Amino acid sequence: MATTAPMHKNRTTTLGRISGFLNGGGLFSNVNLPAKLYPESRDLTSLTWLEIQGPHDEWQKDEWKFSEIINKTFSEKKIGDWFGKTWTTHWFKILIDVPTSWTGKEVHLRWNSSSEAAIYDTQGRMLQGLSPGFREEFILSRSWEGSTQQITYYIEMACNDMFGSGNGDLIAPTNNDRYFQLNRADIAVYDRQIYKLHTDLDILNQIANQLSNDHRGYQAMDTANEMVTLIQTDNDLEKASQIADVYFSEGNGKKAHTLVTMGHCHIDTAWLWPYEETMRKIGRSWMSQIGLMKEYPEYVFTCSSAQQYEWLNKWYPDVFAQVKDYVEQGRFIPVGGTWIENDGNIPSGEAFLRQFFYGQRYFKENFGLTCKEFWLPDTFGYSAQIPQLLRHIGIGRFLTQKMSWSLVNKFPHHNFWWEGIDGSEVLVHFPPGDSYNMNGTVSELLYSVNNSQDKGRANTGIYLYGYGDGGGGPTRSMIERQKRVQDVDGMPKLVFEGPDYFFKELEKESNKLSKWVGELYLELHNGTYTSQAKIKWFNRKSEFFLRELEHLATIARVTNKISGADYEADKERIDRCWKNVLLNQFHDILPGSSIELANQVAWKYYEETWVELNAIRKKYNDLILGNGTTARAIFNPLPWEVKTVIFNKLDSGTQPAGPNIQEVDLKSAIGVENGGEGQFRVPNQFSAALVTLAPSGYTTFDPQWPLNTVVYTAGATGAPAQYSNGLVRLEVSKTGIPYEELYFTGPSKVEQKVFGDRLNTGTRGGHYYIYDDIPLYWDAWDVMDYHLETRRFPKYTENTPFEDLTGAGRIVGISKFTGTFNNSKLERYTIIRADSPLVEYYTIIDWKENRKMLKVEFPVDILSREATYEIQFGNAKRPTHINTSWDMAKFEVCGHKWMDISQADKGVTIITDSKYGWNVRDNIVRLSLLKSPKNPDANADMHKHYIYYAVLPHEGSFQESEVIRRAYELNVLGANNVPLIPTGLTALPNSIATSTNPAVIIEALKPAHDIQNAVVIRLYEAHGGSATATIQLGGGLNATKVQVCDGLEAPGVDVPVSNNSFSTTCRPFEIQSFLVTF
């Protein structure tokens, strides 16, 4: 019989023919399929322009509301004109006359300004986002009705692209002088049949290429080739379309892997752009998704972050109203339950819970739902306490994909049970495509099946698609591609559903899944524990500031200094402060991986929050203590008695003096950069006094004489100087760069050496070391394993050797060292307080380095194969050796207030007030202090820093030595300027809530959010064992009822109350919350 087939089957030329026919460029672009997509076009009738002059947030001002903009004078512009600079905003007014000859045809507006943009109607309602490269068209009409009436639209142009405006590279510092060209502004007829054929051919071509050695791939190639012939020779578009429909209608087998496909638009709340631009990205991206929902009834879209919804409601209420409608339909799906997608390592346990507290409340109040899964796809590692945090707020599911970025070891699961440090378990899914920004391509879909680590255990997975990080979301083409292959032989089955559907399916197979115990450590981006040190400092101080303020508010409520009704206004202020801090815990702000402008905006949020918190704190102190001046009081928010030497400098008035008070001058030449932050630093001049503070409340300032005073011995020529207080003895060399030897005398009364370089590495205790910090690419994010090979002692060009600052003072002893290396200058103060086993270090440094890392190191006389690090509501152990690749990959890890390395009889704890990056190998403890990356912020950390840490040697275990309490005390009192508050009262409220067991720590004490006469007590077991404690109430808190509650403050069962106290038993590291009605 006659045939048109070639003599030889040439796969290469056939695929080349199909690909060429799909190509919109090249030598044959005018005869290929894309040339037919827009057969007719026409210029706009009028294009006029208005510039908003001012900084990045100028568009938010009242004078630039839409109602004001449309009444301003616009100037003529044309295609090819340039607009800028970076971060500026420009408005265009466009007039359109559609030819009557286009009646019955689909008409699009086409726009490309090389930047992000959005189109509005004449009422100021956003209609859609416009993005170069993937969303350059807006549908004016699917079938033009023939009207001759002129159409008016407005287009807002933001002078940045989807990923900011990096100067030559994605993560390079922002080019603030960039201009953007208007490349296209017209209307055109759109041929939807051509679009269908193009999509059909595109998918067939992809299948042919991906299933290259499979008969189904050849079938796809032959089908596509036949279609091309029909279109080119006969222009038989209908028959070509039918051939494709037949191919795509041939179903898959029953055992085919199922992918639950959902639209996704990960918008970094800030990154290569500031918060203010995110607010617009949300509007542009989400309104575009609403348009797709109207077009595709099967389409579902997932989106996290309550903060982003709140911004949408504020700036685009009309879009928010439509989002709300689709949420009710179950198609626009809020996920995650948090205020923002936060960092997974650095936030405190309480801050982590507040992410859910404010996030879930927002979703419940606005949409009538709470999220069932924690959604954190792009965060740089995940604390081992997360499973319990999730269970404490009622979530049992977790999704991320970031672990696929690990450089050393491939994570062995995509579906598994994750067990936290307390034994809590949650069901986890990693989308097997290892991305949240997929595009609906055949290669991605097949990879999602073939890459699954759980073949035979789980037959379903999530497929997240849409432009992300910079926003944008899914496009029409992504959805169309997936519709073609949702049930096609050789491909996975696709189901357009949300995460709840998926997890219910996975739960049916969950008994087959493996378990992972402990942290999900990302073997990459571990420089984020250190970059942007000022933000991390602000974060830690803000977490404790909010803790203190809620404690004060509780005292004011239970002592009737403020009524429940009056507290409501303050509660809103405190809520806003919490939300600001939680916002800055976003996973590119707190880790330090954002541009300079975004960091500056974050600092501003902190500063404004502190102004508000200070005002509220003063209000409550005045209410509780009165306005007397006869005495001074100190507030102790810790739930145990504290005996410590405090440092204080009054804001005004006469500094207290007396025989039990020591005056100190640090003689700092570097000085303070921002005085408003001074309350959380040691002042340059201050008074030192030993005080005993009642727990959980106020104590009158009453300086005491120490039991173990500080004694300074100058030492003979050539001999070291010495500070001792009966608990520790510190020897300091007096010439050259001072080195220190530390000795400790514990309960055994035997003096023991603390520093010990048993491996002869040459490490000196307490000295700084410089490392080169040149990652493979992710500058601010990473510190690579090979940086450990570059360690060296700083070459000090100027230094002032040992200087004693306190002489015969018996309350505190302080020595000073000043040094200059490279372009940086530092002042280090070594501090010993009376009656304290801590040796403390306060460093002021003006840091001016280029891709260097600064660490302080301590060789300790300890042999231990693991070190213990504080994490949220507990601690985790990590190896000090590198036996395996998993051990080796943890060369930089995250810890919170303290790290301990111990052997059976003794140990050493390092405490910090704002540092998070650690390395412990063998017996050498390294604490990372500063980085100096140049991307994406060219000036990252190039300013003054105020760094506080301490060494705490101990006998026995860290639990027996109460090092956890000492870490709290240093963060709350020791590293700060402790306020002395005027009062005329003689009886001060304290002991509001205390625990009889040191292992059970009361972490939060706050007024209940929804019950006026109730407070919330949140506690946790800190030692890693079972513990029973009595929680004693007092100071005006008289309980009428106690109930168990969860992290969202939902009341549970009653707890017996006796003598104004209640008892509880905790399993290791368990978090418990209680509602106490008074």
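I looked up Trp 286 and found it buried, with a relative accessible area of 0%; buried means under 20%, exposed over 50% and partly exposed in between, with a 1.4 Å probe and protein chains only. Phe 332 is also buried, at 0% relative accessibility. I note that this is a predicted model, where local features need pLDDT of at least 70, side-chain atom pairs count only at pLDDT 80 or more, and totals for chains, interfaces and linings use all residues. Residues are numbered from 1 along each chain as its sequence is written, and side-chain values use heavy atoms, with hydrogens and water left out.

Next I counted ring pairs: the structure holds 75 aromatic pairs. Rings of Phe, Tyr and Trp (its six-membered ring) pair if their centres lie within 6.5 Å; planes under 30 degrees apart count as stacked, over 60 as edge-to-face and the rest as tilted. Trp 286 and Phe 332 make an edge-to-face pair, with 5.5 Å between centres and 70° between planes. Trp 286 belongs to helix H6 (residues 275-295) and Phe 332 to strand S15 (residues 332-334), 46 residues apart. Helices (H or I, at least four residues) and strands (E, at least two) are DSSP runs, numbered from the N terminus. I also found both rings in a cluster linked by ring pairs, whose members include Phe 301, Tyr 309 and Trp 339.

I then checked Trp 405 and Trp 778, a tilted pair at 5.9 Å centre to centre and 45° between the planes. Trp 405 lies in the loop between strands S17 and S18 and Trp 778 in the loop between strands S33 and S34, so the pair ties together parts 373 residues apart in sequence. Trp 405 is partly exposed at 32%, while Trp 778 is buried at 18%.

Which strands form the open sheet, and in what order? I wrote down 9 antiparallel strands in the order S34-S35-S36-S37-S46-S43-S42-S39-S40; two strands pair if DSSP finds at least two bridges between them. S34 and S40 stand at the edges with a single partner strand each, so one side of each has no neighbour in the sheet.

Within this sheet, 5 bridges join S42 (residues 898-902) to S43 (residues 906-912), which run antiparallel. Ile 901 stands opposite Val 908 in S43.

My last entry is on charges over rings. Lys 534 lies over the face of Trp 603, at 4.2 Å from the ring centre; the rule is NZ of Lys or CZ of Arg within 6 Å of the ring centre and within 35 degrees of the ring normal.
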